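Subject: Handing over a structure, with notes

Dear colleague,

I am passing the structure below on to you, and I would be glad if you read the notes that follow with it open beside you.

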Amino acid sequence: MLVYSNNLIKIEVEKSEIPWLKVFTQEPYKEFSQAPVEVRVEIFRVLDIVEKMMLDWFEPKKINIASFGNYVPHVHWHIMARFEKDSYFPEPMWGEKQRVGTYQLKEFDRFLEDLKKEF
């Protein structure tokens, strides 16, 4: 699901038990350093906004921000709010499941609406 888009980046939802968004460049750069400076600055601007909103809104134990792209060689960043009650904590969301999670993702749609107002 698309949350926000401009001429440089787009933000999408990763369906998950936790608040998880992905920030993609509009153009398919393979590596972050290959993107023009204005795209790199926009990514960091957006990551900053999303992280602060997730901290305020969900009060997570930790925010995880990652950029891999091994399967999708297109510059993108994952930003996730993590909780001790999620299924994978403290492992990464791609790691080994630790338990049946008891974290309840609430009002995510309201969070997205508030987030859109920040752009």
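Contact, as the word is used in these notes, means heavy atoms within 4.5 Å. The model is a predicted one, in which local features need pLDDT of at least 70 and side-chain atom pairs count only at pLDDT 80 or more, while totals for chains, interfaces and linings use all residues. Residues are numbered from 1 along each chain as its sequence is written, and side-chain values use heavy atoms, with hydrogens and water left out.

Let me begin with the sheet. Helices (H or I, at least four residues) and strands (E, at least two) are DSSP runs, numbered from the N terminus, and two strands are said to pair if DSSP finds at least two bridges between them. On that basis there is an open sheet of 5 strands in the order 1-2-3-5-4, with antiparallel pairing. Its edge strands are strand 1 (2-5) and strand 4 (62-66), each of which pairs on one side only. From one strand to the next the twist averages 15 degrees, where axes are lines fitted to C-alpha atoms, for helices over the stretch in contact, and angles run from 0 to 180 degrees between N-to-C directions.

Helix 1 (residues 37-58) packs on this sheet and touches strand 1, strand 2, strand 3, strand 4 and strand 5 (76-82), its direction making about 10 degrees with that of strand 5. Helix 2 (residues 108-116), for its part, lies across strand 1, strand 2 and strand 3, and runs at about 35 degrees to strand 3.

Strand 3 deserves a paragraph to itself. Strand 2 (residues 9-13) is joined to strand 3 (residues 20-25) by 5 bridges, the two running antiparallel, and a hairpin of 6 residues connects them. Within this pairing, Ile11 has Val23 as its bridge partner, and Ile9 has Thr25. Strand 3 also pairs with strand 5 in the antiparallel sense, over 5 bridges, and there Lys22 stands opposite His78. Because 6 of the 6 residues of strand 3 are buried (under 20% relative accessible area, with exposed being over 50% and partly exposed in between, for a 1.4 Å probe and protein chains only), the strand is largely enclosed by the rest of the structure. Both of its faces are covered, with Trp20, Lys22 and Phe24 buried on one side and Leu21, Val23 and Thr25 on the other.

Glu42, in helix 1, counts as buried at 10% relative accessibility, and, leaving aside its neighbours within four places in sequence, it is in contact with Asn6, Leu8 and Ile9. The C-alpha atoms of Phe108 and Glu31, which are 77 residues apart along the chain, are separated by 30 Å.

Finally, there is the largest pocket. A pocket, on a 1 Å grid over the protein atoms alone, is an open set of points where a 1.4 Å probe fits, with protein on both sides within 12 Å along at least five of seven lines, and its lining residues have an atom within 4 Å of a point. Among the residues lining the largest pocket are Glu14, Phe68, His76 and Trp94, and strand 3 gives the most to that lining, with 3 residues.

With best wishes
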